[in-house]
Amino acid sequence: MPRLRTRLAGALLTVLALTLTGCGGTGGSAATASSTTAAAANRVEPLTDTPEPQLPVTVGSADGKKVTVRGARRIVPLSGSLSEIVFTLGLGDRVVARDITATFQQAAKLPLVTRNHDVSAESVLSLKPDLVLAEKTTGPSEAMGQIRAAGVPVLVVDPAQGLADVGPRIRAVADALGVSAAGKELTKRSEDRIAAVRKAIPAHKEKPRVAFLYLRGSASVYLIGGKGSGATSLLEAAGAVDAGAESGLKQDFTAITTEALAKAAPDAILLMTKGLESVGGIDGLVKIPGVAQTPAGMDRRVVSIEDGVLLNYGPRTDQVLKSIVDQLYGDDTK
């Protein structure tokens, strides 16, 4: 989630400076239909036929450079989202390392090349990669410079902003790996599955208002997502309203206040699973000032998605969307 990390940076500094805490408030009523489960089993589903890279290729990188890829035997994707794409294309056996955000099962045993989310150039270069895949937000810049200076091709991919980015990101990676046909196949599969989930959303008179909260209780970090948080596209696709953005929050993330929550008035709260765990589950969530007084807090209505996949906008986005829909609407989706 490099994009999320960058967008959070300024907001986190503000929150830490304010030394927000998660005390106060009262508990809500018993839990209702929404559950606190992850999107699905934390695995990717590779294409049926394993493609054979046709190399060399020269492709455009999102940083404005032209990158020539001559080999794809030792690939290092520097984000969980990019790792997911490579594995789903069927080339996971060529991946030799993982970023800390690559949390799906097939990548679990790969060596880490990030430290506290920062890339270690030494770790990357020690694995002798013939291709590194990166996000625009991958850093630090010094480490990326070292990797390039060593002569390793580095493809930078445009960041994921919403559902419309699923196909372009898949195709960008596939083209660089010399498997363009597989990229088109995976794009179609992904987009078809997303469309099927959207088609199955139950009819409802009013769109539920959902607030995306980013929580890290151990660090006293309590943020509400606004315009540009990355969650708006998913919520709208699920037939909901992004309560934070709709209430007028212009920044990507803003420190949670009672006033901000009251104005957002969410019917449900979207959270990353570890964020919910970090505050002690739903019981701890409703103790954050202002949460218990919202419709979501009173109903204890929470939608929880595994951290490593929520905002990836990759091949598993249909699973994320389906989980959000199932948790929002319960038995109406059956």
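I call a residue buried when its relative accessible area is under 20%. The model I am reading is predicted.

**Strand β13.** I checked both faces of β13, residues 302-305. V302 and S304 are buried on one side, and V303 and I305 are buried on the other. I then looked for a partner strand. Strand β12, residues 268-272, pairs with β13 in the parallel sense, over four bridges. I noted V303 of β13 as the bridge partner of L270.

**Whole chain.** I counted 13 helices and 13 strands. Of the 334 residues, 55% are buried.

**Aromatic pairs.** With ring centres within 6.5 Å as the rule, I found three aromatic pairs. The ring centres of F87 and F104 are 5.1 Å apart and the planes stand at 75°, so I logged this pair as edge-to-face. F87 sits in helix α2 (residues 80-91) and F104 in the loop between α2 and β4, so the pair ties together parts 17 residues apart in sequence. F87 is buried at 9% relative accessible area, and F104 is buried at 1%.

Next I took F212 and F253. Their ring centres are 5.9 Å apart with planes at 65°, so this pair is edge-to-face. F212 lies in strand β8 and F253 in strand β11, so the pair ties together parts 41 residues apart in sequence. F212 is buried at 0% relative accessibility, and F253 is buried at 2%. I recorded F212, Y214 and F253 as one aromatic cluster.

Technical notes: Residues are numbered from 1 along each chain as its sequence is written. This is a predicted model: local features need pLDDT of at least 70, side-chain atom pairs count only at pLDDT 80 or more; totals for chains, interfaces and linings use all residues. Side-chain values use heavy atoms; hydrogens and water are left out. Buried means under 20% relative accessible area, exposed over 50%, partly exposed in between (1.4 Å probe, protein chains only). Helices (H or I, at least four residues) and strands (E, at least two) are DSSP runs, numbered from the N terminus. Two strands pair if DSSP finds at least two bridges between them. Rings of Phe, Tyr and Trp (its six-membered ring) pair if their centres lie within 6.5 Å; planes under 30 degrees apart count as stacked, over 60 as edge-to-face and the rest as tilted.
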